[in-house]
Amino acid sequence: ALQYLHLAAVYPPVPGSLGNNGGHNTVKGHLFKFLYRYLNEQTDLRTRMGDHHTMEESWQVVEELRRRYEGMSDDELGRLPSSSSD
């Protein structure tokens, strides 16, 4: 998600191409898809992600999510529920 945000900052979606704030809504939609399994557990961050309107707020949510999971091993991360196991 962080790498995607870097790319979206360098190559942003065309503003207004998808309506008011369409460029950022495109980024938000992609972030929700990338981070589904984590935002499903971290509902406060899911709410923040849905309510925000700027790239800076997207960065803040993704950084907070990273902080919450950074101490977990790959094995622990692999045991998290995912969209494919629903």
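View 1. A salt bridge is taken here as a side-chain nitrogen of Lys or Arg within 4 Å of a carboxyl oxygen of Asp or Glu. The model is a predicted one, in which local features need pLDDT of at least 70 and side-chain atom pairs count only at pLDDT 80 or more, while totals for chains, interfaces and linings use all residues. Residues are numbered from 1 along each chain as its sequence is written, and side-chain values use heavy atoms, with hydrogens and water left out. Both residues of this pair belong to helix H5 and stand 3 residues apart, about one turn of the helix; helices (H or I, at least four residues) are DSSP runs numbered from the N terminus. Arginine 67 is partly exposed at a relative accessible area of 42%, where buried means under 20%, exposed over 50% and partly exposed in between (1.4 Å probe, protein chains only). Salt bridges with shared partners join Asp44, Glu64, Arg67 and Arg68 into one network.

**View 2. Arginine 68 and aspartate 44 form a salt bridge whose closest N and O atoms are 2.7 Å apart.** Because arginine 68 lies in helix H5 (residues 55-69) and aspartate 44 in helix H4 (residues 43-51), the pair ties together parts that are 24 residues apart in sequence. Arginine 68 counts as partly exposed at 32% relative accessibility, and aspartate 44 likewise counts as partly exposed, at 39%.

**View 3. Helices H4 and H5 pack at an angle of about 165°, with their axes 10 Å apart.** The axes are lines fitted to C-alpha atoms over the stretch in contact, and angles run from 0 to 180 degrees between N-to-C directions. H4 and H5 are therefore roughly antiparallel to each other, a term that applies to angles over 145 degrees.

**View 4. Arginine 79 forms a salt bridge with aspartate 75, and the closest N and O atoms are 2.5 Å apart.** Arginine 79 and aspartate 75 are both exposed. By the rule used here, the count comes to 6 salt bridges.

**View 5. Leu7, Val10 and Tyr11 make a nonpolar surface patch of about 350 Å².** Such a patch is made of residues with over 30% relative accessible area and no salt bridge, nonpolar side chains (Val, Leu, Ile, Met, Phe, Trp, Tyr) being joined within 5 Å. Leucine 7, which lies in helix H1 (residues 2-10), counts as partly exposed at 47% relative accessibility.

How values were computed. Helices (H or I, at least four residues) and strands (E, at least two) are DSSP runs, numbered from the N terminus. Patches are made of residues with over 30% relative accessible area and no salt bridge: like charges are joined within 9 Å, nonpolar side chains (Val, Leu, Ile, Met, Phe, Trp, Tyr) within 5 Å. Accessible areas come from the Shrake-Rupley method with a 1.4 Å probe; for residues, only the protein chains shown count as cover. Angles under 35 degrees count as roughly parallel, over 145 as roughly antiparallel, 65 to 115 as roughly perpendicular and the rest as oblique.
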